[in-house]
Amino acid sequence: MKTHSAHENAVIQLEQVAKILRNEYADEVQSRFDTAIDKLKTPDRVFEESLTIQMDDGSSREFTAFRSQHDNARGPYKGGIRFHENVSRDEVMALSTWMTWKCAVTGIPYGGGKGGVIVNPRILSAGELQRLSRAYARFLAPYIGPWVDVPAPDVNTNGQIMAWMVDEYEQFQLETNKSQGENPVATFTGKPLELGGSQGREEATGLGGIYVLEKLAEKMKWSDKKKVSIAIQGFGNVGYWFAKHAFDRGYTVVALSDSKGAIYNPEGLDPEKVLATKQKTGTLSGGKAITNEELLALDVTVLVPAALENVITAEIAPKIKAAAIIEMANGPTTPEADALLEKKGIVLIPDVLANAGGVTTSYFEWVQNLHGYYWSHAEVLAKLQPLMDRAFIEIWKVKETSKQSMRMATYMKAVKSVVDLMLLRGRV
Ligand code: NAD
């Protein structure tokens, strides 16, 4: 079977959605609809540059850097910056396309963007990492800003890296007289709290997934939360917060895992206790040791992949016994597995809906930065829930009326809202 690149997959997906969506538009609008879809197959622009960094030993090294700006019909381009050896032009193009759909899902006023540098950051000293981050920010500086393109952390980047980038962007403004008056703090999200980060951002992705779980439980008529058993792959930021909020609400978390393996306890696990022992001993404990693959095949109500992409493959899919899957990781299910799961009647909540709580809270961070007025932790969480709930309810309705899967319904809603704005603006 021919394997497709990430961006080819994004285009195939868009074509499938467009085929169904086209009929919702009046005959006289369909050719403009087609033009919009064609335009959305490629990003508006992709910047590429070779960044030269001075290493600690006095030598210089070159690192290839990218930023893809996919579409801004709904608002400024928005998306993370990834530091990883597998970063490529194709990958950032695909990821920026998916960001356009993710922002449209919860209705936040952003388009899609993504950036990255081909590098293994673990080989860099702290000084080298800072110089690379600053060089990247300087390369991007002419093309970003709070009303243009708002980057954030992604794989292997964090609040500290955003702080260096904010500082470099501000220096660029002063030195070049360009983008003067643009708020440097509102140009990046995922910042440390002291530099304008938002309360609640750390747990927002996991908690957003819980709001989705609660709505799903209503639809599936799972009235007794204790009887809803949950297996979670990945116990990092997303997996931990999902597990903790599920436990606090009375669901039974029966399995957890990290890169070393999984634990299973049908009586239930307390995620806070598991974390405390993991921090002391380095391993997960509190249940029977099983493999990550066994975790995926457990007989549970809900399976939550919250670690890596492409873990639910065509080989694993037939073994899955869960009634529902909530994709907290990005891209955990391969397209072949997706088709098999649908045939089995497993309800799958796709990543662009399930983990949208993260980017939605980044939007709250940006709003707070633009106003210079900061919200409490409780205020942030109270604003997140209605947006997640509304997205779920609207997409469920699309699923029911169109008889499509949740993934297709999610893309239908997202693509339609982008195309409608392209039509409204007269771009096509
Ligand atoms: P993280 O680095 O904090 O945690 C990753 C977890 O996965 C760790 O527990 C790690 O041990 C585990 N893991 C690594 N390799 C594994 C393997 N082979 N098998 C099982 N577990 C393995 O990362 P995170 O921020 O929690 O992100 C997890 C996923 O969620 C990623 O796909 C990420 O893109 C996605 N995501 C994160 C956010 C966010 O706000 N952090 C937002 C949207 C999407």
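Helices (H or I, at least four residues) and strands (E, at least two) are DSSP runs, numbered from the N terminus. The views below show a predicted model, in which local features need pLDDT of at least 70 and side-chain atom pairs count only at pLDDT 80 or more, while totals for chains, interfaces and linings use all residues. Residues are numbered from 1 along each chain as its sequence is written, and side-chain values use heavy atoms, with hydrogens and water left out.

**View 1**
Nine of the twelve residues of H7 are buried, so the helix is mostly covered, where buried means under 20% relative accessible area, exposed over 50%, and partly exposed in between (1.4 Å probe, protein chains only). Among these buried residues are Val-238, Tyr-240, Trp-241, Phe-242 and His-245. The buried residues of H7 pack against several elements, including helix H6 (201-220), strand S6 (229-233), strand S7 (252-258) and helix H8 (271-281), and contact here means heavy atoms within 4.5 Å. After H7 comes Gly-250, which has a positive phi, near 100°.

**View 1. The surroundings of the ligand.**
The ligand is surrounded by 18 residues, of which Thr-205, Phe-235, Asn-237, Val-238 and Asn-330 are the closest; a residue is counted as near if one of its heavy atoms lies within 4 Å. In the side chain of Thr-205, an N or O atom is 2.7 Å from an oxygen atom of the ligand, and a backbone N or O atom of Val-238 lies 2.9 Å from a ligand oxygen atom. A polar backbone atom of Asp-258 is 3.5 Å from a nitrogen atom of the ligand.

**View 2. The largest nonpolar core.**
A nonpolar core is a set of buried Ala, Val, Leu, Ile, Met, Phe, Trp, Tyr and Cys residues joined through side-chain atoms within 4.5 Å. The largest such core has 85 residues, and Ile-230, Ile-326 and Ile-349 touch the most other members. Helix H14 (residues 406-424) gives the largest share of this core, with eleven residues. The core also draws at least three residues from each of domain 1 (43-183) and domain 2 (203-354), whose bounds come from an automatic or database domain assignment. Apart from this core lies another, of 28 residues, among them Met-55, Phe-63, Leu-124 and Met-165. The C-alpha centres of domain 1 and domain 2 lie 31 Å apart.

Leaving aside neighbours within four places in sequence, Lys-399 is in contact with Gln-404, Ser-405, Met-406 and Ala-409. Lys-403 is found in the loop between H13 and H14, and at 71% relative accessibility Lys-403 counts as exposed. Although Lys-403 is not a glycine, its phi is positive, about 60°. Lys-221, in the loop between H6 and S6, has a positive phi of about 60° although it is not a glycine, and Lys-221 is exposed, with a relative accessible area of 69%.

Methods:
Polar contact = N/O pair within 3.5 Å; in protein donor to acceptor, adjacent residues only side chain to side chain.
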